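I opened a new page for this structure. My plan is to go through it part by part and write down what I look up.

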Amino acid sequence: MFLEFKAQVESVLMDAIQNAGFEIEVSDLDLEPSSYADLASRAAFKLASLQKQNPKDLAAHLVSELKIPKGSYIGAVKAVGPYINFEVSRTYIEKTVAEVREKQEKFGSGAPKEKILLEHTSANPNGPLHVGHIRNSIIGDTLSRILRRAGYDVEVQYYVNDMGRQIAVVSWAFEHFKFNQSRKSDSAIAEIYIKANAELEAHPEHLAEIDALMEGVEQGDAATLENFNTAVALALEGIKETLLRMNVVHDKFVKESSFLMSGAVHAIVERIKATGRTEFDNGALVVELADYGFEKTLVIQRSNGTSLYTTRDLAYHEWKAGQANRVIDIFGADHKLISGQLRATLNSIGIQEPEVVIFEFVSLPEGSMSTRRGQFISADDLFDKVTTAAFEEVEKRRTDLSKATKLEIAEMVGMGAVRYDIVRVSPEKSTVFNWKEALDFEKQGAPYIQYSHARACSILEKAKEEKAWEGPESEIEASLLIEPSEIALIKKMAVFESVIEHCARELKPHTLAIYARELADAFNQFYRFVPVIAAEEAKVRAARLALVDCARIVIANTLETLGIGAPKSM
RNA sequence: GGGCGCGUGGCCUAGCCUGGAUAAGGCGGCAGCCUCCUAAGCUGUAAACCGGGGGUUCAAAUCCCUUCGCGCCCGCCA
């Protein structure tokens, strides 16, 4: 709805500018929402410098030239100083309500678009996911949900490192340490992986055994492969469980080894060699990328002839490029350089490069996290503590509910809090994990938004019980929705689609988190100031109930896009 | 040493790309609001010269230069 409004403002304003005898680009209209107007134009500033005239006079002049067609989404227009302020019309308000009621869970969705292949998480299967990994999962999953809502056909993949050095260490660890069957499989893997690393550090003479294992896999040795697979499967089983609890789902788990087996790794190395930008450096095959701005060469083959992660990743990206129109990767800040080199190398052989979203690190007060050193807070641990804290909150507030219901709510609230807490911060900000904040269900969090959803549901439920509501299909007079907080709420709902569109274009999921909070703010203020069930007139009550239903829908759609549960009661 | 990112009230963040109207929100502080649809809510209030310095511009948190601080990277690891 908002996008149509904006288009109308653009068209009307461009006409006025033309009628006034000026010329300007649409982008110079500088249309932005502000606290003064639904859309404000700063075109007068631009024209002022071109025409050498006072921007105030220009703004007033342009407003006098404006012609607003009947039934337009544009209501009042005012020149305030150099600004031209546009308000939406009643038509806009009432159509928004009608559109939400009609489209329901589809409200805010865009038209079908091309296929996108999005890769996220892809953590090494050498232990459980920790709080650093889940920033990747949550950014990636939220982005995939945003893109789907925007209309893209999104396939989500997890790239499984099933043959790197770390996995060789895990495999080696299996033969030297006892695997604890009673623990969650990924944690048990981490346990022996940490021991193995300590052992290898103390006795570096064993490192040759790791190299031997890696060569075995590279050459397709059945027994070694089998051992690697067992280790990877165990770790992955636990990781998948953790992802599922976060409401994160991957369509495919793609193994690195498959590209070696298929010959794709060998083929792409040959293709890179054919560009003439490779050379041997102490026996290793390296790619020269100075013309792409990289001082260091990129090693794509060890001197013993085996491939590296990067080599297999090149083959993986070649394959991905053939599967979709766009390829998006979510990587941690430690991948900045390597992903740049990867892109450059792909570009040099004419393969479509991925769009890379980089997020900065989550560290602990005592330093950065490391699975190898055993210094990390596992995601499972965080989830358990958060849902326990949420359960205590529910217990305090709702003595009327069964334990099962309270547990269900606590799970939604706790996991929602985790997801929201991570997604609300823009990815380029590095953060320090803090237990106190993680366990604090503050207003700027998922519980606040979930609570506004529960309140909306509760009003509708009560109205149904009291037979005061004819249900979502009832005829209403939207013209009765005139309270300031009603209008503010409707305007907030109307921009949902444009927020989705913006997040999808910029690949910035945190903007949606901020919108969710603002939407909840708008609903809570409406809730506070406008009686619904207690409304005097039946027609007004019906219109307000319909509005509550709309708010319920848009809040639920927003939460769904954030991958956060929308409890009907809490 | 080089590259990239970040630096906004006591604390955590939004805004920066695409410069413009009082720098926005939360936590914490202070003062209020439950005979009324769930107080995980609402209202009010104090608190920031947007790390420092310089520049561009009619206009800079936003762009440019410089400097300081923090994070990440600069492996035949991933």
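I start with a term: two strands count as paired if DSSP finds at least two bridges between them. I also note that this is a predicted model.

**Entry 1: the sheet with S1 to S4**

I looked up the strand order. Four strands form an open sheet, in the order S1-S2-S4-S3. Their pairing is antiparallel. Strand S1 (31-32) and strand S3 (74-80) stand at the edges. Each has a single partner strand, so one side of each is left without a neighbour in the sheet.

Strand S2 covers residues 39-41 and is joined to S4 by 3 bridges. The two run antiparallel. Which residue of S4 is the bridge partner of Leu39? I found Phe86 there.

Then I looked for helices on this sheet. Helix H1 (residues 2-19) packs on it and touches S1, S2, S3 and S4. The direction of H1 makes about 135° with that of S4. Helix H3 (residues 55-65) lies across S3 and S4. H3 runs at about 155° to S3.

I also stopped at the loop between H1 and S1, where Asp30 is found. Phi of Asp30 is near 50°, a positive value in a residue other than glycine.

**Entry 2: the sheet with S8 to S10**

I turned to another sheet. Three strands form it, in the order S8-S9-S10, and it is open. The pairing is antiparallel here. Strand S8 (278-281) and strand S10 (298-301) are the edge strands, and each has a single partner, so one side of each has no neighbour in the sheet. The twist averages 45° from one strand to the next.

I followed one pair again. Strand S9 (residues 284-287) pairs with S10 over 3 bridges, in the antiparallel sense. Leu285 stands opposite Gln301 in S10.

I noted another positive phi in a loop. Asn247 lies between helix H9 (222-245) and strand S7 (252-255). Its phi is about 70°, although Asn247 is not a glycine.

**Entry 3: RNA strand B**

I asked which residues come nearest to RNA strand B. Sugar and phosphate make up 62% of the atoms of RNA strand B that come within 4 Å of the protein.

By class, the surface near RNA strand B has 26 nonpolar, 19 polar and 25 charged residues.

I listed some polar contacts. A polar side-chain atom of Lys429 is 2.6 Å from a phosphate oxygen of RNA strand B. For Ser426, a backbone N or O atom lies 2.8 Å from a phosphate oxygen. A polar backbone atom of Glu428 is 2.9 Å from a sugar or linking oxygen of the RNA.

I then sorted the surface by element. Those that give two or more residues to the surface near RNA strand B include strand S4 (83-88), helix H6 (165-176), helix H14 (379-397) and helix H17 (446-465). Which element gives the largest share? H17 does, with 8 residues.

**Entry 4: salt bridges**

How many salt bridges does the structure hold? I found 43. I picked out Arg149, which forms a salt bridge with Glu560. Their closest N and O atoms are 3.4 Å apart. The pair links distant parts of the chain, 411 residues apart. Arg149 is in helix H5 (residues 133-149), and Glu560 is in helix H21 (residues 538-562).

Methods
Residues are numbered from 1 along each chain as its sequence is written. Chains are lettered from A and ligands numbered from 1 in the order in which they are written. This is a predicted model: local features need pLDDT of at least 70, side-chain atom pairs count only at pLDDT 80 or more; totals for chains, interfaces and linings use all residues. Side-chain values use heavy atoms; hydrogens and water are left out. A residue is near a molecule or strand if one of its heavy atoms lies within 4 Å of it. A polar contact is a pair of N or O atoms within 3.5 Å; within protein, one must be able to donate a hydrogen and the other to accept it, and residues adjacent in sequence count only if both atoms are side-chain atoms. Ala, Val, Leu, Ile, Met, Phe, Trp, Tyr, Cys and Pro count as nonpolar, Asp, Glu, Lys and Arg as charged, and the others, Gly among them, as polar. Contact means heavy atoms within 4.5 Å. Axes are lines fitted to C-alpha atoms, for helices over the stretch in contact, and angles run from 0 to 180 degrees between N-to-C directions. A salt bridge is a side-chain nitrogen of Lys or Arg within 4 Å of a carboxyl oxygen of Asp or Glu.
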